Amino acid sequence: MTDFDVIIAGAGHNGLVAANYLAKAGKKVLILEAQEIIGGATQSVKAFEDYDARLSRYSYLIALLPDKIIKDLNLNFRVLSREISSFSPYADGGLLVSRNWDQRTADSFKKLTGSEKEAQAWQDFYGEVAQFASRIAPSVLEPLKSSAQLKTQIAMPQLWDQLIEEPIGNVITERFKNDLVRGVVLTDALIGTLSSAYGMQANNCFLYHLIGNGTGEWKVPAGGMGAFVSELHRVALENGVQIECSSRVTDIDADSSGVQVTDINNRKFSARYFLSNAAPEFVSAKIDNRSSLEGAQIKINMLLRRLPKFKSGIDPKLAFAGTLHLNESFTELERAYDQAVMGNIPDVIPAEMYCHSLTDPSILGPELQSEGFQTLTLFGLHTPASAFDENNKETTKVVVERAIAGLKSYLAEPLEEVIAYAKDGRPCIEAKSPLDLEADVFLPRGNIFHKDLTLPFAESGDEIGKWGVETNLPNVFICGASAKRGGGVSGIPGHNAAMAVLNS
């Protein structure tokens, strides 16, 4: 039996963040990683072996990672801004939204709605949200406050009620009139969760996506997600963190004196503290922090020889520069949810697409860059895990066809003419269903948040002053997505679990 100060299950980004904070504080840290490589859902991979293109396979963008964590850990890591926030095509045009409001955005709103009222409503709403975000963001790296304390600190009571107390669908439909505009706003409340606009899970999701780092801006990781993990790994090794791969934790015994851990190789380790970066159900049934909401997204990765042309005539490099929304009007999102909540695959799948190589060409080899190749990643919503249970392979095939059909309907040329093909003739398209996400990176039922998202404040008196990472077991903390203030590529639960250890 080997003794450590802290043992961490999972060498994903949150586990590595926790390990680095603890090692910098002088703790002897061991990470036990279930897979052969580190990174978890934040890996970059060569998905198509015939091409030198490294895709962020599971996680795509970064909005929630606080600058403070990068600074605290001395990480040499950058995220890149996108000039365009989003483009949402419709029959004879598209709604273009720049990251910073400009005339082309104003013109795009006017063309869609016929007036300037919706554009003003957008600026007013997101101006308030930005102010709210700047005030609440610092609290996610602090001990939990009560809802009353946080509400007083933010001092925006009306917006608090709209974002926290009432279904997010209410404020969206009250403040916006156009169905497509409403849908673009709603998407931030749905990524990664199966919810109606009028379910409170949508509120939680919207809040997390909009308060990230005090700005809510979604950025592209320079070098891909793997670059972030590689930098965390480099610093961890410098700090003396020990990492064992192919070493999944299978059992833990904890009491007030410490924790004993057994891995899949029947090796035993002991430590004063144990942190789980993995979903608790993949570590031990003894941890009472397991998931309830199943995953409901499809992830599709593609490699193109060039970007396709649109029927509207918009420059593809402009349309794909930000997030491309497909079939995501408010009505389409609600209809897809109604079908999905019954365990069915929606007839029309709402989806978002990202072209990372436009913002960061470095993920492509020099030859592919010179030839004009591009990557595309698609995040499809409202495709519940239960719909894949009977036949995962065939259902995934159907979902891919429907999701890509959503893109094809706006293109002026067949996608087949621009897609890259492997040497064996297969198109360079890779899909990951919720069941694949569970099998590949231990996301329970494909839930990218591990469990239902919770609001970022104490929901009971005994949580006030704690870090939101505590479990029912002594000396055992959650440092992954299922912690309060967990979800997303943030490092926040890793930071908070480390603080819980250092302040205990």
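**View 1. Packing of helix 4 against helix 8.** In this predicted model, helix 4 (residues 117-136) and helix 8 (residues 179-187) pack at an angle of about 15°, and their axes lie 11 Å apart. Helices (H or I, at least four residues) and strands (E, at least two) are DSSP runs, numbered from the N terminus. Axes are lines fitted to C-alpha atoms, for helices over the stretch in contact, and angles run from 0 to 180 degrees between N-to-C directions. The two helices, helix 4 and helix 8, are therefore roughly parallel to each other; angles under 35 degrees count as roughly parallel, over 145 as roughly antiparallel, 65 to 115 as roughly perpendicular and the rest as oblique. Glu-118, Trp-122, Phe-125 and Tyr-126 of helix 4 meet Val-181, Val-184 and Val-185 of helix 8, contact meaning heavy atoms within 4.5 Å. By class, this contact of helix 4 with helix 8 has 6 nonpolar, no polar and 1 charged residues. Ala, Val, Leu, Ile, Met, Phe, Trp, Tyr, Cys and Pro count as nonpolar, Asp, Glu, Lys and Arg as charged, and the others, Gly among them, as polar.

**View 2. Crossing of helix 8 and helix 12.** The axes of helix 8 and helix 12 (residues 330-340) come within 6 Å and cross at roughly 55°. Helix 8 and helix 12 are therefore oblique to each other. From helix 8, Asp-179, Arg-182, Gly-183, Leu-186 and Thr-187 meet Phe-330, Thr-331 and Leu-333 of helix 12. The contact of helix 8 with helix 12 has, by class, 3 nonpolar, 3 polar and 2 charged residues.

View 3. An open sheet of 7 strands has the order 7-6-14-15-16-13-17, with mixed pairing; two strands pair if DSSP finds at least two bridges between them. Strand 7 (93-98) and strand 17 (429-432) stand at the edges with a single partner strand each, so one side of each has no neighbour in the sheet. From one strand to the next, the twist averages 20°. Strand 13 (residues 298-304) pairs with strand 17 in the antiparallel sense over 4 bridges, and Ile-300 stands opposite Ala-431 in strand 17.

**View 4. Helices on the sheet.** Helix 3 (residues 103-113) packs on the sheet and touches strand 6 (84-90) and strand 7, its direction making about 145° with that of strand 7. Helix 15 (residues 392-408) lies across strand 13, strand 14 (323-326), strand 15 (351-354), strand 16 (374-380) and strand 17, and runs at about 60° to strand 13.

**Notes.** Residues are numbered from 1 along each chain as its sequence is written, and side-chain values use heavy atoms, with hydrogens and water left out. Local features need pLDDT of at least 70 and side-chain atom pairs count only at pLDDT 80 or more, whereas totals for chains, interfaces and linings use all residues.
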